[in-house]
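Biologist: Could you walk me through this chain and tell me what stands behind each word you use?
Modeller: Gladly, let us look together.

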Amino acid sequence: MKSRSFLSHLFSNPTEVGDCLNFLSLRYFIEVSNHLSFSEASKTLHISQPGLSQQILSLEKQLGFKLLNRTTRKITLTEEGEYIYKKLAPSFEDIEKTVNYIVENKTIPKPKLKIATVPSAASIYIPKLLKKIVGQYPETEFYVHETTSSRAVKLVNQQNYHIGFIRTPIHSNIIANEGLSMIEFMRFPLQLVVSMDHPLAQKEAIHLYEAKDEPFIHYDAVQAHSLQFLLEKACLTAGFSPKELCKGSELLTIANLISNNLGVALMPEDMVSLLGKSQVKALNIDNSELTSSISAVWKNTDASILTKHILKTLENDDDFNNI
């Protein structure tokens, strides 16, 4: 398609775009697209409807193709119009937020980096990361929000957070389908965690089938899908279906249930390392090759300097692959 080829050229040559396009007309187009109504957009922009319509027609003439389908009943975006709207709307929103902040607060906002992370990554990876970059960006405000993997993915995808640290999903295409990229860190084997008072605590390693009659603490299938998948796969591979004591997501809660000898849990070794001196013991599992890891995810469209610097650190620094 000729117009799509032009669009690709247009967005790959920002200097040329700035020379040839009227940015005010683009702003008007974004507002019409938000409302799909010239009357509503004209009220928001404080411009007459005829004037607004003329600006859009002028923009379409400059581009060489229609952006809007107009009928007496409704307005819809053309394929080209939808493409441009999706590309530009977030940028104009950021510009407005920045200008409004400066006007209201009479000061330039400090740069912010927001990280959404699962608790295990918050304890293992985040301190190492912040230690490496805080000194280089002294004016930056860092926010760390502990949450579940699924929630972290959603927050990053909605661009509410810059980077997410999640339990690596079983199928990596899930992340790609969300428009995100991913860096996976070191993988750790699964271990069976039992109370120090449990008979199995006398061993250092077991075949998982030895725990077939134990009540297992399961993970939420939505919030911790990969861990629940690994639990079920490990047990089924060992020849049994795991009994369920309850579902848990908080590591401290799981540790307390286990230490009170109420049930057992399967968890990757990196999570086990966070249990500290709890009254639990981790047993290696014979004949099992199942592993789990943490991954960092980010929005493909995030081009900020700080985000790029962090990603470079995560990719190239041995501290994040030799935990």
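**Words and their cut-offs**

Modeller: Leaving aside neighbours within four places in sequence, Ser149 is in contact with Val118, Ile166, Arg167 and Gln223, where contact means heavy atoms within 4.5 Å. Please keep in mind that this is a predicted model, in which local features need pLDDT of at least 70 and side-chain atom pairs count only at pLDDT 80 or more, while totals for chains, interfaces and linings use all residues. Residues are numbered from 1 along each chain as its sequence is written, and side-chain values use heavy atoms, with hydrogens and water left out.

Biologist: What makes Ser149 count as buried?
Modeller: Buried means under 20% relative accessible area, exposed means over 50%, and partly exposed is in between (1.4 Å probe, protein chains only). Ser149 has 13% relative accessibility, so Ser149 counts as buried. Its place is in helix α9, residues 149–157.

Biologist: How many helices and strands does the chain have?
Modeller: There are 14 helices and 12 strands. Both are DSSP runs numbered from the N terminus: helices are H or I with at least four residues, strands are E with at least two. Of the 323 residues in the chain, 41% are buried.

Biologist: What is the span of helix α3, and what is expected?
Modeller: Helix α3 (residues 23–35) has 13 residues and reaches 19 Å from its first C-alpha to its last, close to the 18 Å expected at 1.5 Å a residue. The expected span is 1.5 Å times one less than the number of residues. Among the buried residues of α3 are Leu26, Phe29, Ile30 and Val32.

Biologist: Why is α4 called roughly perpendicular to α5?
Modeller: Helix α4 (residues 38–45) and helix α5 (residues 49–63) pack at about 100°, with axes 9 Å apart. Axes are lines fitted to C-alpha atoms, for helices over the stretch in contact, and angles run from 0 to 180 degrees between N-to-C directions. Under 35 degrees counts as roughly parallel, over 145 as roughly antiparallel, 65 to 115 as roughly perpendicular and the rest as oblique. Therefore α4 is roughly perpendicular to α5.

Biologist: Which residues of α4 and α5 meet?
Modeller: Phe38, Ser39, Ala41, Ser42 and Leu45 in α4 meet Gln49, Leu52, Ser53 and Ile56 in α5. By class, this contact has five nonpolar, four polar and no charged residues. Ser39 and Gln49 are 10 residues apart in sequence and 6.2 Å apart in space, C-alpha to C-alpha. Ser39 has a relative accessible area of 27%, so Ser39 is partly exposed.

Biologist: How many disulfides are there, and by what rule?
Modeller: A disulfide is a pair of cysteine sulfur atoms within 2.5 Å, and by this rule the count is zero. Cys235 has a relative accessible area of 0%, so Cys235 is buried. Cys246, with 23%, is partly exposed.

Key: Nonpolar A, V, L, I, M, F, W, Y, C, P; charged D, E, K, R; others polar.
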